[in-house]
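Subject: Structure for handover

Hello,

I am passing this structure on to you, with notes on what turned up in it. Please read the notes with the structure open.

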Amino acid sequence: IMKKFDLIIIGAGRASNLAAKAGKMGKKVAIIEKSKLGGTCPNRGCVPSKLLIGYAHVARSIKESDRHFIDSSINNIDIEKIFEETNKYISKIDPIYKKKFNENVEVFYGTGKFVSNNIISVNGEQLTAPKIVIATGTKAIKAPHPKAWTSDDIFPLEGEIPKSITIVGSGFIACELANFFSAVGIETKLLVRSQRILGNEDSDISAIFKEEFVKNVDILFDTSIDTIDYKDNQFNLELINKDNKKTKHSSQALLYATGRESNTNSLDLENTDIEVNDRGYIKRDKFFETKAKGVYVVGDASGENMLQHAAAQEVNHLGKILLEDEKEALKFKYIPHGVFTEPEIASVGITEQKAKELNIEYVTSITPWIASAKAMSTRLRYPRTKFIVNPNTYEILGCHLIGPESTTMMHQVLTVMHLDNDIRHLKEMLYIHPALSEALLPAAVDAVREIEKLSN
């Protein structure tokens with residue numbers, strides 16, 4: 001028997017909100033989820049990893065207190081308790097999400113597969129609806145050894161907590177996790193294939209980051225794993241560097257954070273008119289519609305704006321299109337992101353390497369934070385603000401911050417960019433003296449000065 005719905009949603013991450021909204025409006029909704037409601041972000045991604053950052057931050061502050069002429073030591077870090085608290089949080093996600101749904105929403109736990117453009121099979125049942133939304137996100141690239149972890153396997157951490165870990169990767173997930181594990185006293189080694197770490201950030205920022213990060217985290221650059229031997233709960237690794245020199249290294253846990261990939265291969269899209277690109281992500285038009293009429297894709301499954309806050313906004317807008325007759329396409333003005341490590345990074349707009357690649361006219365300034373007494377009180381020398389500005393319009397093309405609370409400070413820049421993107425607003429506004437955000441004032445002054453140098 002075919003079950004008929006008004007709307008079918010595959011993937012219960014951010015798209016859960018759409019299911020809840022449609023259900024409240026009296027629509028009959030089926031939502032299909034192969035693991036837990038809430039998806040990657042609250043269950044095994046951004047949220048639990050940020051909860052861990054809090055513990056890392058306190059541990060680091062104590063370890064580095066001599067910078068403030070305070071001699072301190074840590075008596076004990078109860079790692080079991082840290083993970084127990086994090087696991088406790090994760091265990092509540094699924095039921096919390098379920099509570100959002102009224103009686104019009106039916107949850108199917110299983111893998112949804114397309115039988116045709118508008119028929120989905122799940123757990124041996126067939127469902128159909130005039131509107132279908134694919135919101136399957138991404139998955140971590142599979143680890144090359146069955147006992148090795150990816151970032152999708154850490155949370156909830158069941159069983160014994162490792163005393164040592166080797167992490168492979170150079171992006172933000174690798175850096176955030178390496179920062180946590182090493183801060184709480186788990187012996188950590190990070191293996192980076194090249195000399196570059198956080199290669200997607202602006203190169204000035206990633207250079208500062210590298211210089212600071214190696215002070216806290218044990219990193220081997222130009223190194224990868226040649227062979228893996230697992231026995232007696234231990235990974236015995238043979239590492240190889242760019243000169244083909246081999247060394248041995250052992251750890252209890254091995255984690256691959258080498259990126260994420262499309263989740264769409266489980267959907268049997270070959271039974272539909274839906275097209276994917278060469279990376280396996282689903283193609284869509286500006287209204288999120290795929291090549292199959294009435295089938296939409298939002299979030300990471302499209303491979304476009306791979307960030308939770310972007311997915312949330314896409315889902316919200318798709319809700320307006322499907323339920324409120326919205327005629328306008330969603331345009332993201334700016335998509336900011338943060339890297340929650342020590343040092344912390346925030347970034348929006350283009351990097352300088354991108355500006356060069358696009359061959360556009362720009363000026364740039366990079367300014368230390370020392371003008372702010374609050375920034376001075378951290379006793380850190382490295383914090384910087386980098387602006388990339390259009391010299392003809394004063395428009396901020398990119399802003400990159402490295403330093404404590406960067407992700408918080410960035411919102412001031414974002415507000416200006418969002419309302420009326422002109423860096424002179426940041427130069428002319430009144431700041432609370434001597435707040436951390438005041439470090440943006442000299443940065444804006446420097447950027448404007450660079451523009452004026454050009455015109456004189």
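Which residue in β7 is the bridge partner of serine 121? It is glutamine 126. Before the rest, two remarks on the source. This is a predicted model, in which local features need pLDDT of at least 70 and side-chain atom pairs count only at pLDDT 80 or more, while totals for chains, interfaces and linings use all residues. Residues are numbered from 1 along each chain as its sequence is written, and side-chain values use heavy atoms, with hydrogens and water left out.

Strand β6 (residues 119-122) and β7 pair in the antiparallel sense over four bridges; two strands are said to pair if DSSP finds at least two bridges between them. Strands (E, at least two residues) and helices (H or I, at least four) are DSSP runs, numbered from the N terminus. The hairpin of β6 and β7 has two residues between the strands, and asparagine 123 there takes a positive phi near 50 degrees. Strand β7 (residues 125-128) also pairs with strand β1 (residues 2-4), in the parallel sense and over three bridges. In that pairing, methionine 2 stands opposite glutamine 126.

Why is strand β3 (residues 29-33) described as largely enclosed by the rest of the structure? Five of its five residues are buried, where buried means under 20% relative accessible area, exposed over 50% and partly exposed in between (1.4 Å probe, protein chains only). Val29, Ile31 and Glu33 point one way from β3, Ala30 and Ile32 point the other way, and all are buried.

β3 pairs with strand β2 (residues 7-10) in the parallel sense over four bridges. The chain gets from β2 to β3 through helix α1 (residues 16-24), and this β-α-β crossover is right-handed, a term that applies if, with the strands pointing away from the viewer, the path from the first strand over the helix to the second runs clockwise. Isoleucine 8 stands opposite alanine 30 in β3. β3 also pairs with strand β4 (residues 105-109), again in the parallel sense, over five bridges. Here glutamate 33 has tyrosine 109 of β4 as its bridge partner.

Strands β22 and β23

β22 runs antiparallel to strand β23 (residues 384-389), and six bridges join them. Threonine 364 stands opposite isoleucine 388 in β23.

Asparagine 390 lies in the loop between β23 and β24 (396-402). With a relative accessible area of 15%, asparagine 390 is buried. Asparagine 390 and valine 107 are 49 Å apart in space, C-alpha to C-alpha, and 283 residues apart in sequence.

Domains

The domain assignment, which is automatic or from a database, gives domain 1 (2-139 + 261-324), domain 2 (149-258) and domain 3 (344-455). The centres of domain 1 and domain 3, taken over C-alpha atoms, are separated by 33 Å.

The second largest pocket

A pocket here is an open set of points on a 1 Å grid over the protein atoms alone, where a 1.4 Å probe fits, with protein on both sides within 12 Å along at least five of seven lines; lining residues have an atom within 4 Å of a point. The second largest pocket is lined by 25 residues, and His57, Arg67, Glu342, Leu380 and Pro404 lie nearest its centre. α3 (46-63) and α8 (203-216) each supply at least two residues of the lining, and α3 gives the most, with four.

Backbone points to check

The peptide bond from glutamate 342 to proline 343 is cis, with omega near 0 degrees. Proline 343 is in the loop between β20 (337-339) and β21 (345-349). A cis peptide bond also runs from histidine 433 to proline 434, with omega near -5 degrees; proline 434 is in the loop between α13 (424-428) and α14 (440-455).

Asparagine 233 has a positive phi near 55 degrees. It is in the loop between β14 (223-231) and β15 (234-241), and at 57% relative accessibility it counts as exposed. Aspartate 268 has a positive phi of about 55 degrees and is partly exposed, with a relative accessible area of 22%.

Regards
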